[in-house]
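Q: I'd like to learn how to read helix packing and the surroundings of a single side chain. Can we go through an example together?

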Amino acid sequence: MSSDLPIRKIIHVDMDAFYASVEQMDNPDLKGKAIAVGGGGKRGVVSAASYEARKFGVKSAMAGNLASKLCPDLIFVRPRFDRYSEISKKVKQIFYDYTDLVEPLSLDEAYLDVTENKKGNPSASLIAEEIRDRIFKEVGLTASAGISINKFIAKVASDYNKPNGQKTVNPEEVIAFLEELDIRKFYGVGKVTAEKMYQKGIFTGLDLKGKSLEFLDKNFGKSGRYYYNVVRGIHNSEVKPNRIRKSLAAERTFRENLSSEIFMLEKLEHIADEVSRRLNKSKVAGKTVTLKIKYSDFTLQTRSKTLQYFISDKSIILETAKDLLYQEKLSNSVRLLGISMSNLNTETKKKPEQKIVSVQLKFKF
């Protein structure tokens, strides 16, 4: 590795099948069974699947009826986000016993910078083991972890030995690790991009590394430089302990498609109420209201309006959403409506200082 690259000790902790695992923990009758958190039927969507269900190809964002076809014995469980949030807070509290540099990505995963940590432990790998052991003993769930010099490699590594495992990529191993990596494993390379890379003869990190910056910029636009850097182990993004929430939303998928704005008003009221509740719970307000409309043919449309003042009140959110609904004629019957608030009044807090360690090939993780 180049000696001028910043080196940090980063851990990416990822809970194993989090929502499904919580349900199995709370209901022993579900242990060892194929379960999906979400809704079944033609309108339902899988939010999470247990490992037993994943063996049949069931995965998140899959339609409920397809999941049932793949796994006839699949058990659907209604999501309980308050419970998941409760468990997530317990897990994060464990993280804070080791470092204040914790960047939550969602309820079930986070980055930790342990370059300097509260335990004075020089081994990030041992810290990750200890954290995973505590999560199991104190919370009752398993977690996997990736440990390396930056966030990108740590996140990729956390998926290697799932479930209930971890992988460390030491500084001297980074380049070889990235060169051997299947391009589909690169964080930020989705299905469409992977197919495009295949067409360009890019199947592994080594193939990607062989392409010039000019080639990647030409074929992948703004992402070109990102791909050029990460395959060389360059990803200098710091762990951001005070990630600012940029938006907050709620949405509903209907059992039957709605064809008239009049039928949608009651639905919008419930959605506005939920958005307002979440805003007030988070003690934030926003200026921009966005109405999301998904039609029966799955095309998506958004309509937005920015107010001159911050709001969190249900009635104002609802009235603004109504205005957006009537703004133009619907192009088809509607299967989903959503309301989001952005342009929030969140403020940045002073971040804890993050350290960089000089590169040494024997620098132990």
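Q: Which residues in α12 meet which residues in α13?
A: Keep in mind that this is a predicted model. From α12, the residues are Glu-261, Met-264, Leu-265, Leu-268, Glu-269, Ala-272, Asp-273, Val-275, Ser-276 and Leu-279. They meet Lys-314, Ile-317, Leu-318, Ala-321, Lys-322 and Leu-325 in α13. Sorted by class, this contact has 10 nonpolar, 1 polar and 5 charged residues.

Q: At what angle do α12 and α13 pack, and how far apart are their axes?
A: The general idea is that two packed helices are described by the angle between their axes and the distance between the axes. Here, α12 (residues 261–282) and α13 (residues 314–325) pack at about 140 degrees, and their axes are 9 Å apart. Angles over 145 degrees would count as roughly antiparallel, so α12 and α13 are oblique to each other. As for handedness, α12 passes α13 in a right-handed crossing.

Q: Is Arg-80 buried, exposed or partly exposed?
A: Go by relative accessible area: buried means under 20% and exposed means over 50%. Arg-80 has 34%, so this residue is partly exposed.

Q: What is Arg-80 in contact with, leaving aside its neighbours within four places in sequence?
A: Val-22, Glu-23 and Asp-26. With Glu-23 there's also a side-chain to side-chain polar contact of 3.0 Å.

Q: And how far is Arg-80 from His-235?
A: They're 155 residues apart in sequence, and 36 Å apart in space, C-alpha to C-alpha.

Terms used:
Residues numbered from 1 in each chain as written. Predicted model: local features only at pLDDT ≥ 70, side-chain atom pairs only at ≥ 80, totals over all residues. Heavy atoms only, no water. Axes fitted to C-alpha atoms, helices over the stretch in contact; angles between N-to-C directions. Helix = DSSP H or I, 4+ residues; strand = E, 2+ residues; numbered from the N terminus. Parallel < 35°, antiparallel > 145°, perpendicular 65-115°, else oblique. Left-handed = near helix turned anticlockwise from the far one by under 90°. Contact = heavy atoms within 4.5 Å. Nonpolar A, V, L, I, M, F, W, Y, C, P; charged D, E, K, R; others polar. Buried < 20%, exposed > 50% of the residue type's maximum accessible area, 1.4 Å probe, protein only. Polar contact = N/O pair within 3.5 Å; in protein donor to acceptor, adjacent residues only side chain to side chain.
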